[in-house]
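The sequence and the structure are shown below.

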Amino acid sequence: MYSLNPIRVGAVAAILAGVFIAGHGIPTMFDGTPRDLDSPALYLMMESIFGAGYAALLILFVSFLRLRTGRGTNVYGRLGRVGAYAGVIGSVCIIVKTLLIVVLGATFGTQAVKDIMVVLGALY
């Protein structure tokens, strides 16, 4: 049976994360107001792209951890392992935040997105 190689999975995830996160940032170079909520559909699409980038980043962190723990060796040491877990936890938190914005924004509209941004703004 074919097994996925953590190096290849991590490389593809890194490329996808870069493409999605860059794709999220490119429109802000041309628009003076990156947090413009005049078009809720556009804003929710941009948040979805941002979340997809962090989902790919989460896959990258998991493949890093799998690369060393699959062989039974701990080459990263304690600090490297703590850093990788911090990356996993941070990515999961951003994915949850993005899912909240997209789902509640699509359900309840622009005012819900503004309220969520006020509440979650302190967490950044």
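Helices are DSSP runs of H or I with at least four residues, numbered from the N terminus. The model discussed here is predicted.

Helix 1 covers residues 6–30 and contains I26. With a relative accessible area of 42%, I26 is partly exposed, because this class lies between the 20% limit for buried residues and the 50% limit for exposed ones.

Helix 3 runs over residues 77–108. Just after helix 3, G109 adopts a positive phi of about 100°.

The buried residues of helix 3 are A84, G87, V88, S91, I95, K97, T98, I101 and G105. What is the relative accessibility of S91, and does S91 count as buried or exposed? The value is 2%, so S91 counts as buried. Leaving aside residues up to four places away in sequence, S91 touches Y54, L57, L58 and F61.

How many salt bridges does the model contain under the distance rule? The count is one salt bridge, formed by K97 and E47, whose closest N and O atoms are 3.4 Å apart. The pair connects distant parts of the chain, as K97 belongs to helix 3 and E47 to helix 2, 50 residues apart.

Both partners, K97 and E47, are buried. In general, side chains of opposite charge can pair when their charged atoms come close.

## The largest nonpolar core

Seven residues make up the largest nonpolar core: Y43, L44, I101, V113, I116, M117 and L120. Two elements give two or more residues to this core, namely helix 2 (40–69) and helix 4 (110–121). Helix 4 provides the largest share, with four residues.

I101, a member of this core, is also among the buried residues of helix 3.

Methods: Residues are numbered from 1 along each chain as its sequence is written. This is a predicted model: local features need pLDDT of at least 70, side-chain atom pairs count only at pLDDT 80 or more; totals for chains, interfaces and linings use all residues. Side-chain values use heavy atoms; hydrogens and water are left out. A nonpolar core is a set of buried Ala, Val, Leu, Ile, Met, Phe, Trp, Tyr and Cys residues joined through side-chain atoms within 4.5 Å. Buried means under 20% relative accessible area, exposed over 50%, partly exposed in between (1.4 Å probe, protein chains only). Contact means heavy atoms within 4.5 Å. A salt bridge is a side-chain nitrogen of Lys or Arg within 4 Å of a carboxyl oxygen of Asp or Glu.
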